[in-house]
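Colleague: I'm new to looking at protein models. Could you show me how to read one, a feature at a time?

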Amino acid sequence: MPAAFDALVIGTGQAGPALAARLAGAGRRVAIVERAAFGGTCVNDGCTPTKTLIASAYAAHLARRAAEYGIQAGEVRVDMKRVKARKDAVVAGSTRGVEKWMRGTKGVTVFQGHASFVNENSVVVNGETLTASQIFINVGGRPLIPKMPGLDAVPYLTNQSMMDLDFVPEHLLVVGGSYIGLEFGQMLRRFGSKVTVVEMGPRLVGREDEDVSQALREILEAEGIQVRTGAECLAVEKDGAGVSIGLGCHEGAPRERGSHLLLAVGRAPNTDDLGLAAAGIKTDARGYVEVDAALRTTNPGVWALGDCNGKGAFTHTAWNDYEIVADNLLSSAGRKWTDRIPAYALYTDPPLGRVGMSEAEIKKAGIKALVGKRPMTRVARAVEKGETRGFLKIHVEEGSKRILGAALLGMSADEVVHSLIDAVYARTPYTEFQRRVRIHPNVSELLPTVMEDLKPLAP
Ligand SMILES: Cc1cc2nc3c(=O)[nH]c(=O)nc-3n(C[C@H](O)[C@H](O)[C@H](O)COP(=O)(O)OP(=O)(O)OC[C@H]3O[C@@H](n4cnc5c(N)ncnc54)[C@H](O)[C@@H]3O)c2cc1C
């Protein structure tokens, strides 16, 4: 006899637990299934641990720069065991919190094990069948392992196994010059590793505008990170105790040797072992669950939330998915993920805060736009703090004066960008944005100034 519930949530990532709690609060009998650590990627091997480790790396970096501020700090030594212990303590608090929350929520029953669909409204977990008229998939993703010649014969790290690192690798080869690769690359460099970032594309973070890619490259190179772009023919082989990677680059040495290899080339959704076909749920060619604007799958009783639907790859987009689905089910709110404006941060130092359209997207859409740009060297707060790398760049639409998007690469940009996120959502004309008084000294106070000197976007 299957165990029957009103709602069944698969996965305890960033959308599942909040949805389970909200549905239970509305009187539904809810089951939630988790096959690994509670809290999913963000809590266990994504945002929380990386930002905790990045904080340690920043401390080491600042300690090395202490003399610039007139402070004698002595020799800087990184104790990776203690760095890892600090990270583990932060992660343990978060994952325990999610588990305690779910087990302590009235109306929620927790199942630990792998869930797989057996028909349209049932899954099996540890041999037990669970049924529900509404099922919510929040299974997230895992590191993508590329098809690279030689990879089956060499050891490699991923963002998951990096979490176990309690030593400083002598020379880390990072394959992938995008968000995850750059955060780890700069972090390990600051811990003391030699770091080489290898990117197949012609530039780092290829989704960003060229000036952002270039500035990031210069910032990383200035810290001693070697960047190899255009590495189109990647192949790896064992080299003594380390690993050697063939780059096939147009310039520079054709091979790089390192002690450790980190793969950071993207993510794959955890949908291949979910039995989706048995439930009539379609995926795209890359395995992402197909959803409509309200996040409903091709099975009308099943929704997909978070990374597995391919409509966002962030904790805040997964959380927003939860809000959309819960509001629609409980308040007939008619919310859609398509109303979401892209916003995210890259947590290098300095960080990149992004919102809305990039320069390339504006040009592609044929929008007549103006751009304002200011180097961080002309931001008082940055000068005072000795953190003047990067720039602030804002795009506005010529006719409506609406703020279309921004790329802020500079100190505190991950926070500063929020005032522009609000303005983009509110469709605020930049002329109105400029009238608001901001606090001095602050990076945010310069945003209106950036919009004072606008130039037409070059075609
Ligand atoms: C290194 C790294 C750094 C990141 N940093 C940031 C950041 O700074 N900011 C940000 O916004 N985002 C960041 N992200 C992305 C963020 O972690 C994800 O977008 C976020 O976790 C949302 O995931 P989710 O809710 O879709 O699922 P996940 O968090 O991946 O959780 C899915 C859960 O489902 C479980 N599961 C999967 N299949 C099954 C099954 N069949 N049965 C039972 N359980 C199952 C998994 O075990 C997992 O616990 C980062 C990601 C990585 C890898």
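Colleague: How is the packing of helix α3 and helix α5 described?

Modeller: Two packed helices are described by the angle between their axes and by the distance separating those axes. Here, helix α3 (residues 47–64) packs with helix α5 (residues 179–191) at an angle of about 40 degrees, and their axes are 8 Å apart. Helices are DSSP runs of H or I with at least four residues, strands are runs of E with at least two, and both are numbered from the N terminus. Axes are lines fitted to C-alpha atoms, for helices over the stretch in contact, and angles between N-to-C directions run from 0 to 180 degrees. α3 and α5 are therefore oblique to each other (under 35 degrees is roughly parallel, over 145 roughly antiparallel, 65 to 115 roughly perpendicular, and the rest oblique).

Modeller: A word on the source: this is a predicted model, in which local features need pLDDT of at least 70 and side-chain atom pairs count only at pLDDT 80 or more, while totals for chains, interfaces and linings use all residues. Residues are numbered from 1 along each chain as its sequence is written, and side-chain values use heavy atoms, leaving out hydrogens and water.

Colleague: Thanks! Now, which cysteines form a disulfide?

Modeller: A disulfide is a covalent bond between the sulfur atoms of two cysteines. In this model, cysteine 42 and cysteine 47 form one, with their sulfur atoms 2.3 Å apart; the rule asks for a pair of cysteine sulfur atoms within 2.5 Å. The count by this rule comes to one disulfide. The link of cysteine 42 and cysteine 47 is left-handed, with -135 degrees about the S-S bond. Cysteine 308 is in no disulfide: the nearest cysteine sulfur, that of cysteine 42, is 15 Å away.

Colleague: Is cysteine 42 buried or exposed?

Modeller: Cysteine 42 is buried, at 11% relative accessible area (buried means under 20%, exposed over 50%, partly exposed in between, with a 1.4 Å probe and protein chains only). Cysteine 47 is partly exposed, at 29%, and cysteine 308 counts as buried at 0%.

Colleague: And where is lysine 368?

Modeller: Lysine 368 sits in the loop between α8 (359–364) and β19 (369–375). With a relative accessible area of 61%, lysine 368 is exposed. Leaving aside residues up to four places away in sequence, lysine 368 touches Val396, Glu397 and Glu398, where contact means heavy atoms within 4.5 Å. From C-alpha to C-alpha, lysine 368 and tyrosine 425 are 19 Å apart in space, and 57 residues apart in sequence.
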